[in-house]
Amino acid sequence: MKTLFTFLLLVFATKIHAQDKLNLFHIVDSHTKLPIPSVSVSIIRARLAINTEKDGIFSIPGDLSAMRDTIIFAAQNYRVFKFPIRELEGQDSIQLVRVALLAPPKQSISKLDTLLNDFDSSDIEHYAGINERATSFEWLQLAQRFDSPKIGGVLKNVSIYRLVFNLNSEGQMDYAGMEYTKFRVRIYGLDSLTRGPGRDLCSKVIEAKSNGRRRIKINLTDLNIIIPDPEFFVAVEWVRDFHNMGYVRLNNADGLTTDRMINYRPAIGISPVKRNNLNIWGMNFKRAWLPYTYFSPDFTDLAIKAEVSK
Amino acid sequence: MKRSKFLQLFLGIILFLSSIRASAQTVFEGQIINRTSEAPVPNVNIRLARERITVTSNAQGYFRISSADSVVNDTLIFSSVGYQTFKLLTSVYQKNSFISLVPTTTALEEVSITNEKLKIVRLNKFNLSDIKEDPPGVKTDPFLPVVTYPFSPRNRFFAKLFTAPQGNVVLTRVDLGRRELDETKYPDKPLVTSHIKTRFLLHVLSVDPKTSAPDKLLFSKIINLTDKALWVELDLRKDNIIINLAEFYIAIEWMHIPFNEVIKLFYSPKVRKVTKKGNQVLEDVSEYTTLYEPALIEYKKKKPTVSWIKNHENKWQRYDSEISDQSREIALSATISY
């Protein structure tokens, strides 16, 4: 597999930049020296963001010392690593430092569960993650804010609705195979300064898969995620890799031509229920959280439900 | 022990199957019109006989009733005072179609109580037969009665010229023929996301005396549609729109906002892998495009009409149908009184 990957890289590199040097990096855990899978890599000024494959290998073609841009490496449970891209010159590995996460306190026992952000899923008509008018979707994560029914409550499960085209009764056009996706779910506490997503509430990587299904329900009971703040966030983290890659056609400003751009699945539903405040936050390529206003003022929430024990 | 495990598995399968049944839904929707006058009929009771679910049609005569079953073997009953009750087997139901009800003879003829001197005229009138789409698989020769046309995102404005018999008229109503972007009822058509609510701007414009293009803005209103009715009636009596000259334009302005977005699915090849010989192995992946509601309907032109669109340089230009073999016009009519 690895040889195939290297071979692919070689073919890719020789095809596009025959004269360029290919800089290959291994992203590893600083302590164990083992590769970290699906690390998010963003290059700010070039407006690029991808995820590595499982082997944590990442490559940049060209002369690194001549590049004037900033690169960010980020993975769950690791400290974000940000520096000028030219500093990568002469290196072959990037070591990410693991952040210690405190063990959660013992869970309070209760049989009362509360479903938060409920809506009728058949009314979902809008989706985030495809494009924003004439620009492509340039966000790493989108988070839904929830009011916790009780501090110290346990997050039982989350249901995320995504774009899938239903087939009609004749089974016309089998797109189901194309709509397969894999993404990550992040649970955050409240950042009391920004009122946006704060620290991670779960140290385990939650991977969600969907094989053509619209609703993805993730059971979190075993993870014992305790909500310490009056508000919390459930986020979808896109895995911007080859597997999730599709396309989007954008209308250019001239109104006559279109451009085909790369797009990463899934597209996440927008809740049909409008609330008083905007509850969607987005993480941009600089890894900063901002209120996600694209669907404002008509829509305020993502189509994500959460169940918390009271 | 073995037997109880088998029983558990069996029960599990039964539960699973019943949950599939419960989650599937079938939606019936359409617009009810008066067969004689072709006006939408509000407040019609629509009942799914066996399931005993009842809904009422809205002001546009539009209804939407959902059955809990995925395969429905039932009868839809349409009943309203003043109309003959109409029964429709769900097996012959067509997606988002028109249902025409026959007025009963005992019903009073439609009377409009107005000032006797007031004349009401519907300019560029279109009928139900003009905007009714052919059922799937049926092709009327030599031409299809209706060809529908979704506007591409470059056309933000569409304006049509109306000529009243005199000046100083009151614009009381605008009628509009819409089409559904959802074409799943036709084979080989791309799939789109469902969309019920739509918002657009309605303008009344004066005529430029030199170029005869649309000129000054006389009136503007935001229109919010909350159903999928294909015949849209816009009552403007309360807006008190007085037009001084006999000629005027009515324009539709599309709002390119997320609210009106519809996602259309195409597919495109992506390189899955490269073989050792250097050959590319392709796979089809999704390619999305965004369209904006509303989509209007074109029909065969009765009289020559003058229409304009605004191009990407924000200049008005004459509009010709994309179907060049015959003349067509957009289903847009204006009712005036004077």
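By class, how many nonpolar, polar and charged residues are in the lining of the largest cavity? I found three nonpolar, three polar and six charged residues there. My classes put Ala, Val, Leu, Ile, Met, Phe, Trp, Tyr, Cys and Pro as nonpolar, Asp, Glu, Lys and Arg as charged, and the others, Gly among them, as polar.

A note on ground rules: this is a predicted model, where local features need pLDDT of at least 70, side-chain atom pairs count only at pLDDT 80 or more, and totals for chains, interfaces and linings use all residues. Residues are numbered from 1 along each chain as its sequence is written, chains are lettered from A in the order written, and side-chain values use heavy atoms, without hydrogens and water.

Back to the largest cavity: twelve residues line it, and E180(B), L181(B), H195(B), K228(B) and E293(B) lie nearest its centre. A cavity here is a set of points on a 1 Å grid over the protein atoms alone where a 1.4 Å probe fits but cannot get out, and lining residues have an atom within 4 Å of a point.

Next I turned to strand 7 of chain B, residues 97-101, and saw that four of its five residues are buried (under 20% relative accessible area, 1.4 Å probe, protein chains only). Strands are DSSP runs of E, at least two residues long, numbered from the N terminus.

Which way does strand 7 pair with strand 1 of chain B, residues 26-34? The pairing is parallel, over five bridges; I count strands as paired if DSSP finds at least two bridges between them. Within this pair, Q31(B) stands opposite F98(B) of strand 7.

Last entry: buried residues make up 51% of the 310 residues in chain A.

Notes: On a 1 Å grid over the protein atoms alone, a cavity is a set of points where a 1.4 Å probe fits but cannot get out, and a pocket is an open set with protein on both sides within 12 Å along at least five of seven lines; lining residues have an atom within 4 Å of a point. Buried means under 20% relative accessible area, exposed over 50%, partly exposed in between (1.4 Å probe, protein chains only).
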